[in-house]
Amino acid sequence: MDRFVLDTSVFTNPDVYMQFGDDSQQAVAAFVDLALRTQAQFYMPTAVYEELRKMKDLSGLAAHFELAVRIRSPRRFSLMIPSSFLYEFIEEVRYRIDRGLRIAEEWTKRAGAREAQDVGQLISKLRERYREGMRRGIIDSKEDVDVLLLAYELDAILVSADEGLRKWADKVGIDIIDPKNLRQILEGLVKYHPAS
């Protein structure tokens with residue numbers, strides 16, 4: 001039986017949820033309907049579900065969503081992960097800290113060369129560049145870690161549009177699908193493995 005671990009991006013990223021409906025509310029309803037017709041199991045860590053509920057109004061859909069998607073956290077205290085993963089992650093974090101420092105230095109020099117009236121605009125651009133340099137392509141939240149660990153623990157397929165989460169899941173051998181194909185994959189599961 002196929003198992004899928006879902007990230008919030010399935011329901012918050014328009015490039016992903018639009019395959020199910022025109023807005024995120026319709027998308028969640030259509031996903032739930034399709035998911036319930038498969039024999040697959042769907043999971044979402046508790047922290048990720050709470051994050052989703054803060055971002056999207058699931059009133060009227062929460063019970064159906066919880067029927068289709070099992071809400072549970074990974075077993076953090078008993079789960080073993082490869083030590084090489086931790087070493088690579090620390091190396092990546094160190095690289096990004098150095099990169100962030102270089103970005104900050106670059107923009108500080110630019111600010112010194114400009115008039116005071118441009119400082120607000122420079123700070124805005126600095127934040128954008130810094131965020132991109134520090135967070136893109138890395139696991140940057142406890143919710144991301146929970147998604148990764150749960151998929152690892154369950155030997156499940158990861159469904160996320162988060163570039164960093166996908167990159168690090170691949171490093172530890174977690175199956176990944178392109179979230180933009182999720183609807184077609186679920187329809188295929190219904191067609192070729194109909195629920196009893």
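Colleague: Which residue forms a salt bridge with arginine 76?

Modeller: Aspartate 146 does, and the closest N and O atoms are 2.7 Å apart. A salt bridge here is a side-chain nitrogen of Lys or Arg within 4 Å of a carboxyl oxygen of Asp or Glu. This is a predicted model, where local features need pLDDT of at least 70, side-chain atom pairs count only at pLDDT 80 or more, and totals for chains, interfaces and linings use all residues. Residues are numbered from 1 along each chain as its sequence is written, and side-chain values use heavy atoms, with hydrogens and water left out.

Colleague: Where do arginine 76 and aspartate 146 lie?

Modeller: Arginine 76 is in the loop between strand 3 and helix 6, and aspartate 146 is in helix 8, so the pair ties together parts that are 70 residues apart in sequence. Helices (H or I, at least four residues) and strands (E, at least two) are DSSP runs, numbered from the N terminus.

Colleague: Is aspartate 146 buried or exposed?

Modeller: Aspartate 146 counts as buried, at 3% relative accessibility. Buried means under 20% relative accessible area, exposed over 50%, and partly exposed in between (1.4 Å probe, protein chains only).

Colleague: How many salt bridges does a search of the whole structure find?

Modeller: It finds 6. One of them joins glutamate 153 to arginine 75, with the closest N and O atoms 3.0 Å apart. That pair also links distant parts of the chain, 78 residues apart. Glutamate 153 is in helix 8 (residues 142-154), and arginine 75 is in the loop between strand 3 (69-71) and helix 6 (83-112).

Colleague: Which residues are linked with Glu153 in a network of salt bridges?

Modeller: Arg72 and Arg75 are linked with Glu153 in that network.

Colleague: New topic. Which residues of helix 4 meet helix 8?

Modeller: Ala47, Val48 and Glu51 in helix 4 meet Glu143, Asp146 and Val147 in helix 8. Contact means heavy atoms within 4.5 Å. By class, there are 3 nonpolar, no polar and 3 charged residues in this contact. Ala, Val, Leu, Ile, Met, Phe, Trp, Tyr, Cys and Pro count as nonpolar, Asp, Glu, Lys and Arg as charged, and the others, Gly among them, as polar.

Colleague: At what angle do helix 4 and helix 8 pack?

Modeller: They pack at about 130 degrees, with their axes 8 Å apart. That makes helix 4 oblique to helix 8. Axes are lines fitted to C-alpha atoms, for helices over the stretch in contact, and angles run from 0 to 180 degrees between N-to-C directions. Angles under 35 degrees count as roughly parallel, over 145 as roughly antiparallel, 65 to 115 as roughly perpendicular and the rest as oblique.

Colleague: Which residues of helix 4 are buried?

Modeller: Ala47, Val48, Tyr49 and Leu52 are buried in helix 4 (residues 46-55). The buried residues of helix 4 pack against strand 1, helix 1, strand 2, helix 5 (62-68), strand 3 and helix 8.

Colleague: On to helix 10. What angle does helix 3 make with helix 10?

Modeller: About 30 degrees, with the axes 9 Å apart. The two helices are therefore roughly parallel to each other.

Colleague: Who touches whom there, by residue?

Modeller: Ala30, Phe31 and Leu34 in helix 3 meet Leu182, Arg183, Leu186, Glu187 and Val190 in helix 10. Those residues divide into 6 nonpolar, no polar and 2 charged.

Colleague: What does glutamate 187 form with arginine 183?

Modeller: A salt bridge, with the closest N and O atoms 2.9 Å apart. Both lie in helix 10, 4 residues apart, about one turn of the helix. Glutamate 187 is partly exposed at 37%, and arginine 183 is partly exposed at 28%.

Colleague: Last one. What is phi of aspartate 155 near?

Modeller: Near 50 degrees, a positive value in a residue other than glycine. Most residues other than glycine have a negative phi. Aspartate 155 sits in the loop between helix 8 and strand 4. It is exposed, with a relative accessible area of 63%.
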